[in-house]
Amino acid sequence: MNSENTIIALSTPQGLGAIGVIRISGKKSFSSLSKVFKPLKKEKLKENLAQVGWINDNKRVIDKVVVTLFKNPNSYTGEDLVEISCHGSKYIINEIINLFIKYGVQPAGPGEFTLRSFLNGKIDLSQAEAVADLISSESKISHEVAINQIRGGFSKKINKLKNVLVDFAS
């Protein structure tokens with residue numbers, strides 16, 4: 001993994017669905033988006049605001065989408081991050097991803113967004129592991145355990161114990 005690369009991946013499950021969410025993270029997220037996204041309203045893209053527009057490959061329209069920008073460090077990964085909500089067609093999703101790849105964005109590896117979040121200090125190791133637990137949770141109990149870990153429950157307990165041990169040792 002090269003954390004200097006800008007990466008892209010589908011964040012929703014593969015398959016037929018009404019909506020697919022594509023995530024792009026890295027320094028070139030915003031500049032690559034500006035090459036292909038045309039907002040419905042002729043206004044500048046704003047952070048933390050969902051905006052509707054068209055994804056185009058030159059003059060060819062690919063899809064009408066909703067785009068949200070998150071400026072570093074206020075994103076999941078701690079980097080500039082774009083989320084594109086498009087129609088869930090496998091063809092449309094692939095066309096959008098391939099369009100960004102054409103502009104130098106790299107396909108993300110499995111778990112790479114969460115890895116970047118960890119490496120950029122947005123989450124600790126316990127929270128990073130809890131993301132997978134949350135995604136795979138199938139019961140109320142497994143969901144509650146994963147949510148508690150993501151919120152830092154385990155890390156807080158470890159830090160509390162560490163402080164007690166340091167006090168005891170000194």
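Six helices and seven strands make up the chain. Helices here are DSSP runs of H or I with at least four residues, strands are E runs of at least two, and both are numbered from the N terminus. The order along the sequence is β-β-α-β-β-β-β-α-β-α-α-α-α. A word on provenance. This is a predicted model, with local features needing pLDDT of at least 70, side-chain atom pairs counted only at pLDDT 80 or more, and totals for chains, interfaces and linings taken over all residues. Residues are numbered from 1 along each chain as its sequence is written, and side-chain values use heavy atoms, with hydrogens and water left out.

Overall numbers next. The C-alpha trace spans about 70 × 35 × 30 Å along its principal axes. The chain has 170 residues, and 37% of them are buried. Buried means under 20% relative accessible area, exposed means over 50%, and partly exposed is in between, using a 1.4 Å probe and protein chains only. Accessible surface comes to about 10,500 Å², with 58% of that on carbon and sulfur atoms. Those areas are Shrake-Rupley values with a 1.4 Å probe, and for residues only the protein chains shown count as cover.

Now contacts, meaning heavy atoms within 4.5 Å. Take the contacts between residues at least 6 apart in sequence: 53% of them join residues at least 24 apart.

Charges. There are 23 positive and 16 negative side chains, and the centres of the two sets lie 7 Å apart. Lys and Arg count as positive, Asp and Glu as negative; His and the chain ends are not counted. Each charge is placed at NZ of Lys, CZ of Arg, CG of Asp or CD of Glu.

On to the core. Which residues have the most contacts inside the largest nonpolar core? They are Ile22, Ile55, Ile84, Ile96 and Phe100, in a core of 22 residues. Two or more residues come from each of β1 (7-10), β2 (19-25), α1 (29-36), β5, β6 and α2 (90-102). Helix α2 gives the most, with six residues. By definition, such a core is a set of buried Ala, Val, Leu, Ile, Met, Phe, Trp, Tyr and Cys residues joined through side-chain atoms within 4.5 Å. Look at Ile96. Beyond its neighbours within four places in sequence, Ile96 touches Ile22, Ile55, Ile62, Asp63, Val65, Ile84 and Cys86.

Strand β2 deserves a slide. Six of its seven residues are buried. β2 runs antiparallel to β1, joined by four bridges. Strands count as paired if DSSP finds at least two bridges between them. Leu10 has Ile22 of β2 as its bridge partner. β2 also pairs with β6, again antiparallel, over seven bridges. There, Ile19 is partnered by His87 in β6.

Backbone details. Asn72 and Pro73 are joined by a cis peptide bond, with omega about 0°. Pro73 sits in the loop between β5 (60-70) and β6 (81-87). Two asparagines have positive phi. Asn48 is near 55°, in the loop between β3 (37-39) and β4 (51-57). Asn58 is near 60°, in the loop between β4 and β5. Why does Asn58 count as exposed? Because its relative accessibility is 63%.

Last stop, Val131, in helix α4 (residues 125-136). Buried or exposed? Val131 is buried, because its relative accessible area is 17%. Gly111 is 20 residues away along the chain, and its C-alpha is 9.4 Å from that of Val131.
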